[in-house]
4 protein chains.
Amino acid sequence: MPKKIRLGIVGGGGDSLIGVLHRVASFINDNYVITSAVFAPEFEKSIEFAEEIDIPTDRIYKDFDTMIAEEMKLPEDQRMQVCSVLTPNFLHFPMAKKLLENGFHVICEKPMTTNYDEATTLRDTWKKAGTVFAVTHTYTGYPMVRQMREMIKAGELGPIHKVDASYYQGWINPIIHDAEKRANTWRLDPAKAGISSCMGDIGVHAFNMIEFTTGLSIQSVLCDFNYLYDDNAMDVDGTVLIRMAKHVKGVIRASQVATGEENGLTIKIYGSKGALKWEQENPNFLYYMQEDKPLQVLKPGHAYNSELSLDGTKLPPGHPEGIFDAMANIYLGVARAIRGEEYNDGEFPTMRDGVRGLNFIEASVFSHQRGNVWIPLDPA
Amino acid sequence: MPKKIRLGIVGGGGDSLIGVLHRVASFINDNYVITSAVFAPEFEKSIEFAEEIDIPTDRIYKDFDTMIAEEMKLPEDQRMQVCSVLTPNFLHFPMAKKLLENGFHVICEKPMTTNYDEATTLRDTWKKAGTVFAVTHTYTGYPMVRQMREMIKAGELGPIHKVDASYYQGWINPIIHDAEKRANTWRLDPAKAGISSCMGDIGVHAFNMIEFTTGLSIQSVLCDFNYLYDDNAMDVDGTVLIRMAKHVKGVIRASQVATGEENGLTIKIYGSKGALKWEQENPNFLYYMQEDKPLQVLKPGHAYNSELSLDGTKLPPGHPEGIFDAMANIYLGVARAIRGEEYNDGEFPTMRDGVRGLNFIEASVFSHQRGNVWIPLDPA
Amino acid sequence: MPKKIRLGIVGGGGDSLIGVLHRVASFINDNYVITSAVFAPEFEKSIEFAEEIDIPTDRIYKDFDTMIAEEMKLPEDQRMQVCSVLTPNFLHFPMAKKLLENGFHVICEKPMTTNYDEATTLRDTWKKAGTVFAVTHTYTGYPMVRQMREMIKAGELGPIHKVDASYYQGWINPIIHDAEKRANTWRLDPAKAGISSCMGDIGVHAFNMIEFTTGLSIQSVLCDFNYLYDDNAMDVDGTVLIRMAKHVKGVIRASQVATGEENGLTIKIYGSKGALKWEQENPNFLYYMQEDKPLQVLKPGHAYNSELSLDGTKLPPGHPEGIFDAMANIYLGVARAIRGEEYNDGEFPTMRDGVRGLNFIEASVFSHQRGNVWIPLDPA
Amino acid sequence: MPKKIRLGIVGGGGDSLIGVLHRVASFINDNYVITSAVFAPEFEKSIEFAEEIDIPTDRIYKDFDTMIAEEMKLPEDQRMQVCSVLTPNFLHFPMAKKLLENGFHVICEKPMTTNYDEATTLRDTWKKAGTVFAVTHTYTGYPMVRQMREMIKAGELGPIHKVDASYYQGWINPIIHDAEKRANTWRLDPAKAGISSCMGDIGVHAFNMIEFTTGLSIQSVLCDFNYLYDDNAMDVDGTVLIRMAKHVKGVIRASQVATGEENGLTIKIYGSKGALKWEQENPNFLYYMQEDKPLQVLKPGHAYNSELSLDGTKLPPGHPEGIFDAMANIYLGVARAIRGEEYNDGEFPTMRDGVRGLNFIEASVFSHQRGNVWIPLDPA
């Protein structure tokens, strides 16, 4: 009967949505207790938020460096064990790095870093640290995504020859078509938001989903972005041709100007024997197709699912679980890893996923900039 | 910045599903802390479970009566404030009653009591107590169910003239067709499970959903059950004709032998100006129909939703929330009520819902037993 | 290589929708040629319509009696062989009767007659005539409805214990809520429209669908209608409890005030081993459910379908066929029967379906009028 | 009251599926009578087929050239007016050309020719002929596809900035993975099947659908094919990046190895104000999205549809029409054009569509062969 894991949080205070998502996820399986936090850049706001959610304020710190310094002074059995990094993107790298260097486990929001160099550096740091590192590609925590991975691993689709993933949103549409608004959104300012908007924020989820479910590595990409206006420097739409192996190809489509779309992450995997389809907005339905047989619709919680999938379902079939439950599944896997318990590959996205994602984003940008040519990714 | 509410739990230990659902729901909005519990009939198991979920064991009690006695000795600002009753059905009534009599707020699982007499008695007790009482008709916590209620209240459908709700499951199918199994299932033993299986367990949800969304009261019922076998004494399937007002009619269908159905709660409400449809297994989609206009599909989190609906959504559109989130919404409403904060009618099902439900179940049974005649319900 | 069958038509001229449906259906499989017709009560309009659709006018007759008289004078190898009766409901009976008495085959629109007495009389006439008689319950012609029938016949669902069919439309909604309109619609005038509006026009389709797919006979009904207004004498909504055998029960729901519904005929059949669901507005998808197995979605044209189903599909999977094709399948079966070729039971609805339908409608009306009591149907 | 148009048919005999589709389509609106035909290369088979479908055999010819020669001898008011060309692909060009040169109207199956040169030549011939020419991109005949076109034309989506169309089938999957089968399929033999399998057969439909609905012209393409095996010379899968104007981009995805897919043509069009989605296998549902408003689902036959859409629906809402009805709509438009009646742009695909399609196919092949570079299409 293990004690709860002592969890630190940086960022995620106030009305941060990502804060709610991580906090709830940490509660769901009774594995974590929040002991330490810097919820906001201003100390008073951090304290205020801690009081709002009614947790002890004695280990709410004025800033991240203080947090590390003070926690390191605590005896190991009281010290924070793992820290969730929920700060703005550019802070992920330095914070995660320092956490690893001080021997903490890390749960890092996505994108793991702002560029590929940082990502590989962080990987090196992590290798030395030897602690648990998770990057929260939340969607991999859905039971039916896990089921895809296990069915493919078990060979139920035969060799894969075609993949097709998309992530369509429409939220930037009202901004991009207004000259003033698009000039003043930090998301479209490369200085603040990094090298890519659409591919970096959401396309990378589609990329990750493909590698997560198929177990294959994307080897090269050819990308065409759409900026929509001459005075806009960031991609708000893009399509990426991908090659995964000889005769294994596919496409990733991402958009922030797909008017009216909400959070349309979809994936289709075609193999010689069968195919699978999944949509994030209907996460509890997995479509399994075989030539000349009726389409099958798999749902969570049934005994026909794999162990990895069933592990991610708390209630019997027909009781819809959602994105908080998906994130909770990731936190569950991390808890097991931290405690040195057995866990399955696939219970949480790792450093490898983070590094691959940055490689993909950068390669896509290069491909577009160089005139839509093929750019290889590093070997996985 | 309020302190967390001190929550007690009776039942729900071990691998109880209802236990997980309530516990997670209490965590989700940072409003509750579990201070006191009797998780299981055996004291050691209760302690063991408390350790498993890593909560303090000092206020884990050996039984319910001890719990009440000991908590009453505590100063008011340390004492348990509300207790979730998750025990077997026949214990709901005595426990809820005692809790109310001692001035506690109560969150009671459904069915509130085993018969209508108990229900009205409990209502009297509660009226004297003046505390908060919620019965967990979980499905009313879904944002799109709340949206139905608010749209109907706002007159968007015009006067309602037809309702149609169903709750189809298939889980008893493998049991009912096996003579030995059906003889040995407590669910089909009236001595253990009460007067109704199908209508009492699930039909009542459909009933509640109709009254919750329309704001109307069902006035009389005509019911036909199906027992499937001569040696089976409990309804496993049934259809109830309902009358809500002159010229306002409808039907409730419930089944535990709807082979292959999981948790198929559906509701359709038709008014002179428009209609609404909703399905529990796709809870984030609400279908709004008007004559000669395109069907509209409403989803949670959009500004076009009512305040009551939006209050139940934590993330932006396109991030599916599920049944844990629905229950969490109910716990949120209860927290507000306990704290004396403002809250909207409809944030949680009340004593009225509990009493009405038992009245419906009993009337349905009588109707069937007396040869499918109309049985009036008491005025709401 | 058979010659085309000589087809007569009464009714269906002008912009009659039923006229288009039958005419196109007769063309689709190259089996019929229209030789003879009375398209409209006024001779000139009949001629005009024949010219409009460019068919010879020499055998367009001034009225039905003349049609019969003149056709009987023709040599048998030129005489009309079969006649489609598309006239207003009250004319179905006398026309079909006279056709049968003169030795013609008959394709009769639904309802076959205006009451049960006429229906049984017509059955007697038909038995003497010995010709082919079809009543156009069009929906039985859909390939996936045929597939339901064959799967159930083959025992794939095990013994059936529950059926649930509905037919929801909303078209009368704008009429019924307007006092003047509802007073002046022939559909709501018992003198013109017969004893039932909703159950007679559409509920009977749901009834027929149940008997067609399950092969079982409904034995008794208990019906509750809704008239919506005191000054309205015709049912515009109704629910019928049905019993098919001991422990085999179900429900038929029909409505013309289900606001926003178009042509919502649905059917669900539950057996001990499996279940099937089908919806008329998505006719090319059949849902097959089994306990603890993934839902299967069957589609037309696949080799896994039955012979009867495949016979009703002209193109490969994925090419949607619709209601014209369903009616064409019925005409194809009738053509085979007329030619004395082999055909399968189920290729077209017969006199039995017509008689049963009228029995059902009348029994439903009696049940409601007598205070929602059980009314037995005649043995099938 | 016009006489029926005298229709000739080349090809389409025996159990030809395309033959059934065209024949039925010609019947549906009472506009055509088949007077002349060469159903098969062997004269006896042609005669036999004519007898099978019971049409006069006096103008069934032994070959195409005889057909032309003999028909030209007939007086103009008896002569075939239009001819449907349903022969193998390589015969489309010479036959259509000769038909046009002799002053006939032509309905030509798709692909119009086997290469772009032939297509432009045919266009020149047609310009001289001045007759009606239709190429049967059948899917443009669906009422909801027409509705897309009209809504976009009316500006309801605002300026279009993104298009995404796909055509996924899986039928070649069992062939392509079998070395012997793939070596012996004429579809994968460039000598017999032309320069492209997947893009030429189905990708071109997605291309046409985009241009038909948006009214925009695709200006350049970048294509990557997948052959799946080294010994296979024909594309069985491919993705095409497209550019339609500055800042207007999109993607066309096509596959014959999308295991388990049947006839998955889909299209999504995104504009600054709204978006539309449609799927061929559910052709009677059109999804209309706007930012922060509920999704709307449009269906055929409602008054809210455009004239062009309504013209393509024969029955009231809720009565599914299918692909035969879509093709019939095209035949209806052609009939109006032949008769010199008024008709709307969009009632049938024209020579322009045929020429554009071949240009697209050829450009896609070049793009792939030259290493996935951008290839411009000719100005439309």
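**Reading a predicted model: helix, pocket, domains, strand**

Biologist: Where do we start, and how does the length of helix α4 of chain C compare with what its residues should span?

Modeller: This is a predicted model. Helix α4 of chain C covers residues 89-101, 13 residues in total. At 1.5 Å a residue, helix α4 of chain C should span 18 Å. Its end C-alpha atoms lie 19 Å apart, which agrees.

Biologist: Which residues of α4(C) are buried?

Modeller: Look for residues with under 20% relative accessible area. In α4(C) these are C:H92, C:F93, C:M95, C:A96, C:L99 and C:L100.

Biologist: What do the buried residues of α4(C) pack against?

Modeller: Their partners belong to chain C: strands β1 (5-11), β3 (82-86), β4 (105-108) and β5 (133-135), plus helices α3 (64-73) and α5 (116-129).

Biologist: Which residue with positive phi follows α4(C)?

Modeller: C:G103 does, with phi near 85°.

Biologist: Now pockets. How much space lies in the second largest pocket?

Modeller: About 850 Å³. Next, read the lining. The second largest pocket has 29 lining residues. A:K4, A:V33, A:P56, B:K4 and B:V33 lie nearest its centre. The elements giving two or more residues to this lining are β2 (32-38) of chain A, and α1 (17-28) and β2 (32-38) of chain B.

Biologist: Which element gives the largest share of that lining?

Modeller: β2(B), with 5 residues.

Biologist: On to domains. What does the domain assignment give for chain A?

Modeller: Domain 1 runs over 5-138. Domain 2 is written as two segments, 141-315 + 351-369. Then check spacing and contact. The C-alpha centres of domain 1 and domain 2 of chain A are 27 Å apart. The contact takes 17 residues from domain 1 of chain A and 14 residues from domain 2 of chain A.

Biologist: Last, a single residue. Where is C:T239 found, and is C:T239 buried or exposed?

Modeller: C:T239 sits in strand β8 of chain C, residues 237-245. A relative accessible area under 20% counts as buried. C:T239 has 3%, so C:T239 is buried.

Biologist: What does C:T239 touch, leaving out residues up to four places away in sequence?

Modeller: Two chains contribute. From chain B come B:K162, B:L241 and B:V251. From chain C come C:L222, C:C223, C:D224, C:V251, C:I252 and C:R253.

Biologist: How far apart are C:T239 and C:R253, in sequence and in space?

Modeller: They are 14 residues apart in sequence. C-alpha to C-alpha, C:T239 and C:R253 are 4.5 Å apart.

Note on methods
Residues numbered from 1 in each chain as written. Chains lettered and ligands numbered in written order. Predicted model: local features only at pLDDT ≥ 70, side-chain atom pairs only at ≥ 80, totals over all residues. Heavy atoms only, no water. Helix = DSSP H or I, 4+ residues; strand = E, 2+ residues; numbered from the N terminus. Expected span 1.5 Å × (residues − 1). Buried < 20%, exposed > 50% of the residue type's maximum accessible area, 1.4 Å probe, protein only. Contact = heavy atoms within 4.5 Å. 1 Å grid on protein atoms, 1.4 Å probe; cavity = no way out; pocket = protein on both sides within 12 Å on 5 of 7 lines; lining within 4 Å. Points joined across faces, edges and corners; volume = space filled by probe spheres on them. Domains from an automatic or database assignment.
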